[in-house]
Amino acid sequence: MENKPYRSDKDWFKPKFYQHIGLPLTQKDRDWVEKYVQNPKNIAAHSFLPFIYRKIEKKKFRRDIHSDGTRSYKRVKSSKTRHIYYASHLDSQIYSYYSELLRKPYESKLQELGIGDCVTAYRRIPVKEEKRNKCNIDFAREAFEFIREWDESEVDVITLDIKSFFDSLDHSILKKRWYNLIGSKKNLRADHYNIFKNLTRYSFINENQLFKEFCDDIIVRMADGSLKRKRINRSRYLNEKNAIAYCYKKEFQDRVKNKGLINESTLEQGSKTGRKIPGKIRTKGIPQGTPLSAMLANIYMINFDHSMYQEVKKMGGVYRRYSDDMIIICSPVDSKKLEEGAIELIERSKLKIQPKKTRKFRFKKSETGFNCSEWMPESKIWYPNTNLEYLGFEFDGKRALIKSSSISKFYRNMKRSVRRSAFFAKYGKSKDDNIYKRRLFKRYSHLGAGRRKIYKRDKNDNTKWFISYKYDWGNFITYVRLAENAFNSSDIRGQLKNHWKKLNNEIDKHE
């Protein structure tokens, strides 16, 4: 497969409107931000504000898998925790600009090593004859096509996952990869080093503590565009109340720093107590959530990707990595050696593989297509009639579908939203007992699946409308349609064929 060319036409200046310390930037600020960010002397001396830390827990439902390979239909609830850090608005633009600076030499390095097709996440790879870049849908489809087109009667597929990827990146290795990429001699230039230092020895503020400090006087933008300080009872109402900042930047010293709200990430945490170990400096991990984090993670993995590609290619296989998810497609006689080699190479990079997420599948050709079996290491058997799961899709050798857990999650969210709409219609301010159908149709039906620019009414003339800079990006059905077209599969379309009926039935229950 031919490597795709690098695309550099995307704008690095991306104003965001989440609440932080200081007012958000707008397009009007672009000129001075560009002059500031593009001057290396400014960045070398720049004082970064602390990140705002948010802990996100997502409930997951999965089928219970027993040691003998059998599966029960009862779904087991588990949770996945993500630690996200939000940079201040100016800091975010700095990270975004330097991400673009690093992107071009990184892409050139991939082409030089011949591994442009191996690394798929956090890159802009255009789709032929379409005005979009590739996403997880396209990468999953390509992997399944490799399996279908395999020359031999059997093919093995190994999926591996790196444990705590962003939290485990070794600082010394990252620094070396970084200065080698930009052509520095054994060190980073002053501006790059200041960014590196801030991402490896960062400070942060717990979002809940920050809200508690400023909940009585949070900065809100009023309908006429003016700013006013108001009390907001709960943090989940921030966006609803049009809050734009916790405080002004000039209040940072007195109301944040002097009150001890800032936490330092430089000290290592104890594995059991969770407390900081005095004097032990943390040597691993960068914050997940900044515009630069994904690029640095890819840069960190350059040597691994190159070595892994060479090993797999020698044996006629295929290797792909999407962030911390890896897939190896190879002959059954080579699968054990390649799996052990991947684990060894990961350990050399001072990372670890998640054993529970390491899975091996075997596809055997039949008259109707491939049959998929999964290796059960505890019972040492191949369990038949299973599905390979990769990047949100499942593949049984014959057809590809969106993961059933994703479809179930869509319907769970739909039912919960209908119940909440019915509650607020009955007990909210209006108390008119009318469920907000338009909002529900937009989020959970084909009526809201179209991607389009948002039109707003002119405040000075109610008869006139103008196109805003915001977009309506659609809903989950938009994603299903994109997958349906990419896979050219009516089976994917059929997964949500009853969504309209189920949504209306749920609304009828609560009206």
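**A guided look**

Guide: Welcome! The chain has 16 helices and 20 strands, where helices (H or I, at least four residues) and strands (E, at least two) are DSSP runs numbered from the N terminus. This is a predicted model, in which local features need pLDDT of at least 70, side-chain atom pairs count only at pLDDT 80 or more, and totals for chains, interfaces and linings use all residues. Residues are numbered from 1 along each chain as its sequence is written, and side-chain values use heavy atoms, leaving out hydrogens and water.

Visitor: Why is H3 called oblique to H6?

Guide: The axes of H3 (residues 89-113) and H6 (residues 190-200) come within 12 Å and cross at roughly 120°. That makes H3 oblique to H6, because angles under 35 degrees count as roughly parallel, over 145 as roughly antiparallel, 65 to 115 as roughly perpendicular and the rest as oblique.

Visitor: Which residues in H3 and H6 meet?

Guide: Ile 94, Tyr 95, Tyr 98 and Leu 102 in H3 meet Asp 191, His 192, Ile 195, Asn 198 and Leu 199 in H6, contact being heavy atoms within 4.5 Å.

Visitor: What makes S14 and S15 a pair?

Guide: Strands pair if DSSP finds at least two bridges between them; S14 (residues 369-376) and S15 (residues 381-384) have 4 bridges, in the antiparallel sense, so they count as a pair. Met 376 stands opposite Ile 381 in S15. In this hairpin, with 4 residues between the strands, Lys 380 takes a positive phi near 55°.

Visitor: How much of the chain is buried?

Guide: Buried residues, those under 20% relative accessible area (1.4 Å probe, protein chains only), make up 44% of the 511 residues.

Methods. Axes are lines fitted to C-alpha atoms, for helices over the stretch in contact, and angles run from 0 to 180 degrees between N-to-C directions. Buried means under 20% relative accessible area, exposed over 50%, partly exposed in between (1.4 Å probe, protein chains only).
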